[in-house]
Structure formats: C-alpha cells, structure tokens
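Visitor: Could you walk me through this one, starting with the overall build and then moving on to the side chains?

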Amino acid sequence: MPAHDENDAEILRSLAAGERSAFETLYRQHNGAMVRVASAILDNHASAEEVAHETWIAVLHNIGGFEGRSSLGGWIFTILSNKAKTRAMRDDRSVSLDTSANDDEFADAFDGRGRWKHMPDLWDELTPERVVAGRQILDHVGDAIEALPPAQRAVLVLRAQQKLDAQEVCKILEITEGNMRILLHRARRTLRQAIDGAAG
C-alpha cells in the first residue's frame with residue numbers, strides 16, 4: 001500500500017466534494033515536478049508545460065476512476081508520462097530514459113539502499129554563516145538539478161522530491177529497478193558535488 005494513502009483519501013474526498021482548495025493543494029504539490037519530468041521526456045520546456053496542463057485536465061476528468069492501485073501521485077505521473085511520450089512521438093522527438101546499469105561506479109559513495117555513506121561536508125556542521133548562505137546554496141542545487149541529464153532529473157524528481165516508491169518510478173519511466181538506482185546514484189552524486197562546491 002502506498003505510504004500516503006490517508007492523505008490521498010482526504011484529497012480525493014475533497015475533490016469529489018468540489019473543494020477548489022483540494023485541487024490547488026494538489027497542483028502546488030505536483031505541478032513543478034510534472035513540468036520537470038515532462039521536460040526530461042520531451043527535452044522542451046514549452047511542450048512540457050502544455051503536457052502538464054493536459055494532464056491536469058485528464059486528472060480532473062478521470063479522478064472518479066482512480067482505484068488506488070498506486071499512490072495518487074503515481075497515478076498522476078503515469079498520466080503525465082503517457083501524454084509526454086505520445087507528444088514526443090508526435091513531434092518526432094525522443095529522449096531515452098534508459099541507461100546501462102551493468103556497472104555501479106558509485107558503490108563507494110552510496111550504500112545498498114541508495115543513501116550516502118558519507119554526507120556532504122555542508123551537512124556535517126551547520127554554522128550561522130552556512131545558514132545565511134543556505135539560499136544561495138539552494139539556488140545552486142536547483143540549477144544543478146535542472147542541468148542533470150533528462151533521465152537522472154526525472155528519477156530524482158519522482159523518487160526524491162515526489163517520494164514515489166521505486167516500483168512506481170520504474171513503471172512511470174519504463175526502466176528497470178537496477179537502472180533506476182544507477183540514475184538516482186548519479187544524480188545524487190552530481191548534487192553532492194554541487195553542494196560541496198557551493199559550501200567550499
């Protein structure tokens with residue numbers, strides 16, 4: 001069962017009751033990530049925004065048919081992914097989210113669950129100066145996320161930011177779990193370097 005079932009159920013009840021605030025909450029929670037994931041598939045920001053808009057329309061039209069076999073977020077991102085892939089084929093644009101997972105060159109940085117073995121220096125000791133510099137570092141990390149290769153960005157957004165489980169991410173992006181782990185490791189390593197560089 002998805003971890004956010006209670007929250008999903010509450011949002012679904014509110015949407016069914018026609019509460020605009022429920023949709024606004026859902027929109028704020030997912031829209032930015034939806035555009036980032038669609039951008040990774042389409043390699044075009046304007047098209048990604050259109051696909052996100054089309055996805056919201058589909059979500060509102062079909063919310064009554066949501067059966068809870070995945071998390072609500074997973075269902076929304078599956079719709080988004082399908083629409084983005086359809087648009088990519090229509091526009092004759094193809095960005096592969098698959099990458100070789102035969103070797104794991106990141107075993108030194110991460111444990112078997114994909115967590116850092118050693119946290120970045122920035123997080124070892126928070127000083128007042130580092131707290132003040134936090135906004136600049138967050139901006140730097142945001143830029144680093146946008147600069148990630150499409151597949152890494154999509155996996156990072158879905159797994160780390162949207163907190164979807166591994167199986168949902170693999171299904172949405174049509175990649176293997178091993179592949180997803182490699183992409184996530186690579187994205188986290190790049191961000192770790194960005195954080196260490198910003199804090200240095």
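**Overall build**

Guide: The secondary structure of the chain comes to nine helices and zero strands, where helices (H or I, at least four residues) and strands (E, at least two) are DSSP runs, numbered from the N terminus. This is a predicted model, in which local features need pLDDT of at least 70 and side-chain atom pairs count only at pLDDT 80 or more, while totals for chains, interfaces and linings use all residues. Residues are numbered from 1 along each chain as its sequence is written, and side-chain values use heavy atoms, with hydrogens and water left out.

Visitor: How much of the chain is buried?

Guide: Buried residues account for 42% of the 200 residues, with buried meaning under 20% relative accessible area, exposed over 50% and partly exposed in between (1.4 Å probe, protein chains only). The chain exposes about 11,400 Å², and carbon and sulfur atoms supply 49% of that area; accessible areas come from the Shrake-Rupley method with a 1.4 Å probe, and for residues only the protein chains shown count as cover.

Visitor: And what share of the contacts joins residues at least 24 apart?

Guide: Taking contacts between residues at least 6 apart in sequence, 70% join residues at least 24 apart, where contact means heavy atoms within 4.5 Å.

Visitor: Switching to side chains, which residues does His30 touch?

Guide: Not counting residues up to four places away in sequence, His30 touches Trp56, Gly73, Ile76, Phe77 and Gln162. His30 lies in helix α2, which covers residues 20-42, and counts as buried because its relative accessibility is 5%.

Visitor: OK, how many salt bridges are there?

Guide: The count comes to eight salt bridges, each being a side-chain nitrogen of Lys or Arg within 4 Å of a carboxyl oxygen of Asp or Glu. One of them joins Glu10 and Arg13, with the closest N and O atoms 2.9 Å apart. Both residues lie in helix α1 (residues 5-16), three residues apart, which is about one turn of the helix. Glu10 is partly exposed at a relative accessible area of 40%, whereas Arg13 counts as exposed at 52%.

Visitor: Which salt bridge does Arg87 make with its side chain?

Guide: The side chain of Arg87 meets that of Glu50 in a salt bridge of 3.0 Å, N to O. This pair links distant parts of the chain, with Arg87 in helix α4 (residues 72-90) and Glu50 in helix α3 (residues 45-62), 37 residues apart. Arg87 counts as buried at 6% relative accessibility, while Glu50 counts as partly exposed at 42%. Salt bridges also link Glu50, Glu54 and Arg87 in a network.

Visitor: What about Lys85, where is its partner Glu174?

Guide: Glu174 forms a salt bridge with Lys85, the closest N and O atoms being 3.5 Å apart. Glu174 lies in the loop between α8 (166-173) and α9 (177-199) and Lys85 is in helix α4, so the pair ties together parts that are 89 residues apart in sequence. Glu174 is exposed, with a relative accessible area of 58%, and Lys85 counts as buried at 19% relative accessibility.

Visitor: New topic: how many aromatic pairs does the structure hold?

Guide: The structure holds four aromatic pairs. The rings of Phe23 and Tyr27 have their centres 6.0 Å apart and their planes at 45°, so this pair is tilted. As for the cut-offs, rings of Phe, Tyr and Trp (its six-membered ring) pair if their centres lie within 6.5 Å, and planes under 30 degrees apart count as stacked, over 60 as edge-to-face and the rest as tilted.

Visitor: Which aromatic pair does Tyr27 form with Trp56?

Guide: Tyr27 and Trp56 form a tilted pair, 5.5 Å centre to centre with 40° between the planes. That pair links distant parts of the chain, Tyr27 being in helix α2 and Trp56 in helix α3, 29 residues apart. Trp56 is buried, with a relative accessible area of 4%, and ring pairs link Phe23, Tyr27 and Trp56 into a cluster.
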